[in-house]
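Please keep the viewer open while you read.

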Amino acid sequence: MQNPATVQPAGDVRITTVMRYTTPAAGRWYQIDTLRAPSDFQATVGTIDGAKISVDGPTTNTAMTFAEMQTYYFRFTTKHAVPRGGFVKVVIPRAFTVVYPSTTTAQLQCMGANDKVNYCSVFATSAGVLNLADPSQDERPFVIGMAKVDLPMNTEFTLRVAGLQNPRYVISWAALTKAGDTAQLEKMQWEVQTFGPAAWVQTGSTGKLSADEQVDVGKGGHVDVDKPTPISAFSAEAVNATNGVEATYYLTWSTVLRTLQHDRFYVEFPPETELIPTKGDALACTGLNGFAQHTGAVTCERAYAPYAPPATKPKTKQLLIMTFADVPT
Amino acid sequence: MLLTPAGGIPTAFASTEPLTIECSHWRNPVLPSFPDVYSFYTYDFNGKLIDRSEAADAFPVVPGGGKYAASPIADQDITYSLSGAGMIPSTVAGAPAKAPIQSLSTYKVSIVSPVPLEVASPAAGAPAVACYLEVEFPRELTIAAGSRAYKGLGLLATSGKGNSLETSVTPVLEDFSGPRALVVFKGCANTALHGQRKVSTVLGFEMPNIKNPYAEQDTSAFSIKIFASYDVATKTGSQEIAATTAFVIPASAYGSGALTDIKVTPANLVVQEPTSQDWQFTIQNEIPGAGAAAAASGIQAGVHIHLPSSFTTGNTAITPKVTGASITGAATATVDKTAVYDPLC
């Protein structure tokens, strides 16, 4: 027997015990006992081998591309067949952003391993398909393609996912692995889910894929963003240039990436200087340009040990940490 | 009876010219053994005898030399009812309850004889008169062993007057182990009915401890005959008066059972994976004909499983493995992918 194509609960089963007389000639069958009842059979989701999932992106993964559209090629090998009309859903780590869903939708392609034939049509006729703001669907970005042909089992496919923005921060699979941060590793992984043709449930102008029609699921692949975005300009000017005195500094910088609320800004002063520990108003920061003009818009403190980035190892007496609130949009 | 052809008698016949006269609305004799010899006379205008038939000229009544045939008992002249424990209410309003298959029921069968039957006279020296009802049961009904209390109805009752007689009776013959399952009742011996102006021609019986068919099906035809005499030793009736033709008890009189506790245990639950499945269920009624006895009994049994359409069988033949407390022999299975649901497959 072959189990059902999806995890949709199998329907009723009817079992009938029957008998017939075989002499003088075989007659028709007659019913003895019978029962029609739910089979209570529900298949479980298949698992796509994570080792056969990969994500290839630009030649250089860099956060510099944050402001640009980025295209990734998501490869996976089906475990079980996806019939024509079924769906392939790629769930993207939350660190990525779908800037323009329509662009992502328009450029989605589902290709075989060794050809350029697009086996999927984009299932994006309504905004609901990529309604990323709807937490009932999936809070992570995702794209959905609908199979135009039967996608056979154990076959490699590539989905072209365009219009993505890289994470705002550097992420490294190797570093997280070394640190044993399994939670972050999990969040870095891409995910693919396949569904049967009856999976789409339309509700008003939106819809979602029903878990009852799922075929397979698999997690794997990741994207390293290993180059931080340079701060395009930075200057520091002391009001009082006399040596050894307590002075106020004006710090000015500009960034490619937009600064968001609760971002932290680390400024490492030269070793000849020393930040006076926060005590009273001895160490205070005030935002002048580009910040909200009220107390608390910018707070700062001299770093203490847990905040010190281990890679740079600055003396805590020279490391200033600023935190921004009410960042203008 | 004087026969005069319509239009009068021709003035003259040649002495050997055949003469045909059609006589309608005659009633055949009740007993088929009525002597098939007629007397034939011709008279002249003044009533003087001209000719008469001789004994040697006796002619058969039935063309071709045949005999009288027993009168057929039409199905609508037979009524039946089944009773016993566990009767299943019918889902059809007004319809009688169904007897559970394979259970013991009491069968009550009444027959309206298509011809009048003579009853015995209480007068001293009156000739012996009787009628016999021979019932041969179809193979679907199994007569349970042991004694049972019969009842005779109508002309099979042994006493009383009226049209709804019912008394305990003892059959003159019971044979449920031979090639024919037979019971024979003697009737028409209730002298209280003799001379009654209106006597019902119903005769019937009530018989308990009959095991209903193995399945919900029509029985084969009963053979019910009325004889004027019966030789118990040879189990043979004579002077056949009437007989059923194709009386059956329909499947609608019986109710099948219900399976319970259907459970499937697959070896692998993952979608689309090939796997073996163990289907378990509990039967209510016996599945007959298993093992070597099947060939002898002429019964074949099976289990039909209509799986949900989401299951597929691929191209690999199914090898069933059937286990059960009393199952013997190897089972076989076939798969029909095109089949639509039919409770009888």
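Predicted model: local features only at pLDDT ≥ 70, side-chain atom pairs only at ≥ 80, totals over all residues.

Let us begin with chain B, whose secondary structure amounts to 20 strands and one helix. Chain B has 345 residues, and 23% of them count as buried. If you look at the contacts in chain B with a separation of 6 or more, 66% of them join residues 24 or more positions apart.

Next comes the place where the chains meet. Chain B brings 51 residues to the contact and chain A brings 40 residues. On the side of chain A that touches chain B, β1 (12–21) and β2 (30–38) each supply at least two residues. The most comes from β1(A), which gives ten residues to that side. Sorted by class, the side of chain A that touches chain B looks like this:

| Class on the side of chain A | Count |
|---|---|
| Nonpolar | 20 residues |
| Polar | 15 residues |

Now for the strands themselves. Strands of a sheet pair through backbone hydrogen bonds, in either a parallel or an antiparallel sense. Here β1(A) pairs with strand β20 of chain B (residues 299–306) in the antiparallel sense, over eight bridges. Within β20(B), B:Ala301 is the bridge partner of A:Met19, and B:Ile299 stands opposite A:Tyr21.

Which strands make up the open sheet of four strands, and in what order? The order is β17(B)-β2(A)-β1(A)-β20(B), and the pairing is mixed. Its edge strands both belong to chain B: β17 (257–258) and β20 each pair on one side only.

A:Met19 turns up again in the packing. The largest nonpolar core has 51 residues, and A:Met19 is one of those with the most contacts inside it, together with B:Cys131, B:Tyr132, B:Leu133 and B:Leu156. To follow one of these, take B:Tyr132: leaving aside neighbours within four places in sequence, its contacts are B:Val184, B:Phe185, B:Lys186, B:Ile226, B:Phe227, B:Ser229, B:Tyr230 and B:Gly237. Another core lies apart from the largest one and has 40 residues, including A:Phe76, A:Phe157, A:Ile171 and A:Met188.

Note on methods. Residues numbered from 1 in each chain as written. Chains lettered and ligands numbered in written order. Buried ≥ 20, exposed ≤ 12 C-beta atoms within 10 Å, placed from the backbone. Contact = placed C-beta atoms within 7 Å. Nonpolar A, V, L, I, M, F, W, Y, C, P; charged D, E, K, R; others polar. Pairing = 2+ DSSP bridges. Core = buried A, V, L, I, M, F, W, Y, C linked by C-beta atoms within 7 Å.
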